[in-house]
Amino acid sequence: MLRKVLIANRGEIALRIIRACKELGIETVAIYSEADTNSLHTKFADEAVCIGPASPLLSYLAIPRIISACEITGVEAVHPGYGFLAENPKFAEICKENGFKFIGPTSSSILAAGDKVNAREIARKSGIPIIPGGTVSNESFKEVSQIAKNIGYPVIIKAAMGGGGRGMRIVDNQKKLKKLLSIARQEAKVAFGNDKVYIEKYLENPRHIEVQILADEHNNIVWLGERECSIQRRHQKLIEESPSPAVTPEMREKIGAYAVAVTKAINYRSAGTVEFLLDKDKNFYFLEMNTRIQVEHPVTEMVTRIDIVKEQLKIASGEKLSFKQKDVNIKGHAIECRINAEDPNNGFRPSPGQIKGLYIPGGPGIRVETHIYGEYEVPSNYDSLIAKLIAYDETRDKCIARLERALNEFLVEGIHTTIPFHLEIIKDERFKNGELNTGFIKQ
Ligand code: ADP
């Protein structure tokens, strides 16, 4: 087993990883920016190193500073969490070159999945349906409009290197194509350093369904059922659950096999997620593969009783998966709400500041992943996620009742949060009936 790990992240996911390490007897090193001096991950880790000022470019994204911290503290491995450098193939490569194990896939797998045009092609070659579309980088505008015409409006323009729900433009008719294409290219260039974009058919109100996989370094792959993440705002997930109310056992077997095929095709190891869209006629289409631990991993942990972060650490230690596909047994239902420091009554404007009063819910079947505490100052420099509330129970109905009870108990004073918004969603009849789609919030 690994002896000492540096966690190249902050917030709730840094705590989550530190906790898994502690339970496995692994020493931990936190890194932090000047804005995070009072953050819990600096206190829970065995050691903590300040690596720079608040700006992510000078701290959590500053590869040379992180490598120096690894050297000074003598760690063996680096866990990148999600966001920041988690899907940066250069970072994975530099860790390796400097003798630090990157807890995740190889840089070539990250690269293969990270270019979504390439990932689409891999999926297609593996026999998985992809959304009709094509690459538009080098073609003339005439050719681009021909691709769009062929697939039929509405279409969606997406950044090949995109992520986080950003850099997407929906085009509903030919007239708007030229302008939106040039905007999308510019946005992609600024946000992802690459103006490569592609066009897909825009599916009307599909469901977002994804499959969690685990792969070790000995060619063993298992998949841990599916998650539904259709409750989204601006293409960003807000509520996730497992299992999906829309997926039958037959459908589950089908996407499980799809996910394993993609995992094999890119020679993947560690934890990863293969994402699909499900249309009204129950057709699945490959969307993309995420090569990291995801925010929503706890719902899968609750229904499978498998600790995905511990599995990542064991895989990185060279261990074989200790269980087989037939041992994965989905039981009960889990739902996660992402609680953000944002004001839902004011356009979801970020709401940083000091927490004046705090009560974190508990009781049977409730799990809270958070780095906040009373008097904690939520900095304005980072993502607004401050907590994940996960409810677990035998059935979906019971799980929703438990979630509602816990959301009502959750008290965060001094800043605005999305807790009231979550309550509104889960009380909606359509949500209760499992009638979900990615346009739910808009509707
Ligand atoms: P990102 O990597 O930025 O999260 P994804 O490709 O995973 O981007 O898509 C995120 C979300 O955007 C999806 O869950 C879905 O809601 C929406 N989306 C993406 N592509 C399509 C499409 N072709 N049709 C309809 N919705 C789409």
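You have a predicted model open, where local features need pLDDT of at least 70, side-chain atom pairs count only at pLDDT 80 or more, and totals for chains, interfaces and linings use all residues. Residues are numbered from 1 along each chain as its sequence is written, and side-chain values use heavy atoms, with hydrogens and water left out.

**Stop 1: the whole chain**

Now switch to the C-alpha trace, which spans about 60 × 50 × 45 Å along its principal axes. In cartoon view, you're looking at 14 helices and 23 strands. These are DSSP runs numbered from the N terminus: helices are H or I with at least four residues, strands are E with at least two.

How much of the chain is buried? Buried residues make up 57% of the 443 residues. Buried means under 20% relative accessible area (1.4 Å probe, protein chains only), exposed means over 50%, and partly exposed is in between.

**Stop 2: A8**

Select A8, in the loop between β1 (4-7) and α1 (11-23). A8 counts as buried because its relative accessibility is 2%. Beyond its neighbours within four places in sequence, A8 is in contact (heavy atoms within 4.5 Å) with residues including I31, V78 and F91.

**Stop 3: S33**

Next, jump to S33 in strand β2 (residues 27-33). Its relative accessible area is 0%, so S33 is buried. Show its contacts, leaving aside neighbours within four places in sequence: C50, G52, P53, A54, S59, Y60 and Y382.

**Stop 4: S242**

Last, pick S242, which lies in strand β12 (residues 236-242). Is S242 buried or exposed? S242 is buried, because its relative accessible area is 1%.

The S242 side chain reaches the backbone oxygen of E226 at 2.7 Å. Setting aside neighbours within four places in sequence, E226 is also among the contacts of S242, along with R227, V299, V303, G332, H333 and A334.

Terms used: Polar contact = N/O pair within 3.5 Å; in protein donor to acceptor, adjacent residues only side chain to side chain.
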